[in-house]
Amino acid sequence: MEKFSDVVVVGGGPSGSFCALNMAKKAVSVIVFEEHDEIGTPCHCAGHLSITGLKNLGLYPLPKRVIENVFYGVKIHSPNGSEFTIRFSLPTTCVVNRALFDKHLSDLAKKSGIRYFLGSKVDSLTLDGSLAKLLISKTSGETFKFSSRIVVDAEGTSYKILRQAGLTPPEKGFVYCVNAEVENVNNLEPDKVEVFLGNTYAPGFYAWLIPKEKDVAKIGLGAKAGNPKTLLRKLMHKHPAASKKLKKAKILQETFHPIPLGGPIKRAYAHGFLVVGDAAAQVKPTTGGGIILGLNCARIAADVAVEAINTKDFSPKFLRVYQKRLMKLLGFDIKVMREIRKILDRIHDKELDNFISLCRRNFGEEDFQDLIETDFQGRALLRAVKKPRITAAIAYFLLLSLKSILK
Ligand SMILES: Cc1cc2nc3c(=O)[nH]c(=O)nc-3n(C[C@H](O)[C@H](O)[C@H](O)COP(=O)(O)OP(=O)(O)OC[C@H]3O[C@@H](n4cnc5c(N)ncnc54)[C@H](O)[C@@H]3O)c2cc1C
């Protein structure tokens, strides 16, 4: 078999495939190695995505089979069951079948000439300043060597190849998640997702309910402490609002996976090496959504890799431009989202109850149209604070969080 390509992408998840797709037709040879025999499985993700985010990447509309539902807003529940709904005039988000979404991206890449090797795990990587050298092991047990000018690491949260490249993975800020598909859900509201806040049920994160069809939904939660599986049962049976819908629900399947929530790694490049997606922790610190940010970064990585090949410069000095472009795209929004996460982590459940009740008393469902941008939340907040009523709500929220800190 051929032993060399200009670029090797490690991992056929969304970030890896989208990066490969963006390098296609640019006169560079690209190979994607994916350790599993099939793209998209096993799936650990809820697949809730912003429609604007997909449109900006040229990915919307998606094929019908990929989209499971679209949503006009979100219902937010506090721990004691107070609720507030934010509704937009247009469909704002959608939920995708993650396996089919990943396959769709890899099909687009394959159609553009990218070659995939499935059941092929990159076991080791050596970067010695010349070609990158990789050792691949196949599910059949066979191993082989491969080399490339550039490696794009899209391995997700395993961080094995990242470490071998001499880069530092995120050390803290992980939440441990469970995602489940359930049937027999009561009173599903098909046009909105539901979010459950508070440390009683999801310490350090939140729980979600995403309607799919009829009485079927995706549910899940993340937590910084405690067992996510046990916490999900507690939510289903004890939460004043969730239990009304989920007490009799049957779990069809359940998966567990971490989310790196602490913000992108400080350095996402080395000699002949770029990192994208979860492998670089390119994830929203507020919601844990990583797909749209990962795809945006994958597109930047593709441009930089092609530029490096065209100029024959694979040095860290040249590839540093990737980090600069990432910071330009994400720097401000990540900073804002990290601050919001810090506040959410500190606020007590009682204060959350008060805040959600206040929103319900003082705001209509359609008063938060300016927050329609769900990916770049720093910019969305800047737009929203121009409205005095929203500024007042934010000020009250900050006051409550201060009260929590001082308690
Ligand atoms: C419970 C849960 C729910 C989530 N819900 C959402 C959501 O609703 N919306 C959202 O935007 N994000 C969500 N996320 C985050 C989202 O799943 C990730 O941000 C996204 O999957 C990152 O894509 P990726 O391509 O970077 O990595 P991954 O999707 O993890 O893909 C990495 C790929 O690399 C392969 N691989 C790893 N190591 C090797 C190797 N050595 N050799 C070859 N192949 C390898 C893996 O098999 C995998 O296919 C959720 C995460 C969790 C845990």
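In what order do the three strands of the open sheet lie, and is the pairing parallel or antiparallel? In this predicted model, the order is 3-7-4 and the pairing is antiparallel. The edges of the sheet are formed by strand 3 and by strand 4 (67–71), each of which pairs on one side only. From one strand to the next, the twist averages 30 degrees. Four bridges join strand 4 to strand 7 (residues 93–96) in the antiparallel sense. Within the sheet, V70 is placed opposite C94 of strand 7. In general, the strands of a sheet pair through backbone hydrogen bonds, in either a parallel or an antiparallel manner.

The domain assignment divides the protein into domain 1 (4–45 + 99–171 + 262–339), domain 2 (174–260) and domain 3 (341–406). A separation of 30 Å is found between the C-alpha centres of domain 1 and domain 2. Eleven residues from domain 1 and nine residues from domain 2 take part in the contact. On the domain 1 side of this contact, six residues are nonpolar, four are polar and one is charged.

The ligand is surrounded by 40 residues, of which G11, G13, G156, G277 and G290 are the closest. Two or more residues of the shell come from each of helix 1 (14–23), helix 4 (160–164) and helix 7 (291–311), and likewise from strand 3 (48–50), strand 9 (120–127), strand 12 (174–183) and strand 16 (250–260). In terms of residue class, the shell comprises 19 polar, 15 nonpolar and six charged residues. Domain 1 and domain 2 each supply at least three residues to the shell.

A helix pairing was also examined. Helix 8 (residues 316–346) packs against helix 10 (residues 377–384) at an angle of about 75 degrees, and the two axes are 7 Å apart. Because angles of 65 to 115 degrees count as roughly perpendicular, helix 8 and helix 10 are assigned to that class. On the helix 8 side, the contact involves F332, D333, K335, V336 and M337, which meet Q377, G378, R379 and L381 of helix 10. By class, this contact holds four nonpolar, two polar and three charged residues.

Definitions and conventions:
Residues are numbered from 1 along each chain as its sequence is written. This is a predicted model: local features need pLDDT of at least 70, side-chain atom pairs count only at pLDDT 80 or more; totals for chains, interfaces and linings use all residues. Domain bounds come from an automatic or database domain assignment. Two residues are in contact if their C-beta atoms, placed from the backbone, lie within 7 Å. Ala, Val, Leu, Ile, Met, Phe, Trp, Tyr, Cys and Pro count as nonpolar, Asp, Glu, Lys and Arg as charged, and the others, Gly among them, as polar. A residue is near a molecule or strand if its C-beta atom, placed from the backbone, lies within 6 Å of it. Axes are lines fitted to C-alpha atoms, for helices over the stretch in contact, and angles run from 0 to 180 degrees between N-to-C directions. Angles under 35 degrees count as roughly parallel, over 145 as roughly antiparallel, 65 to 115 as roughly perpendicular and the rest as oblique. Two strands pair if DSSP finds at least two bridges between them.
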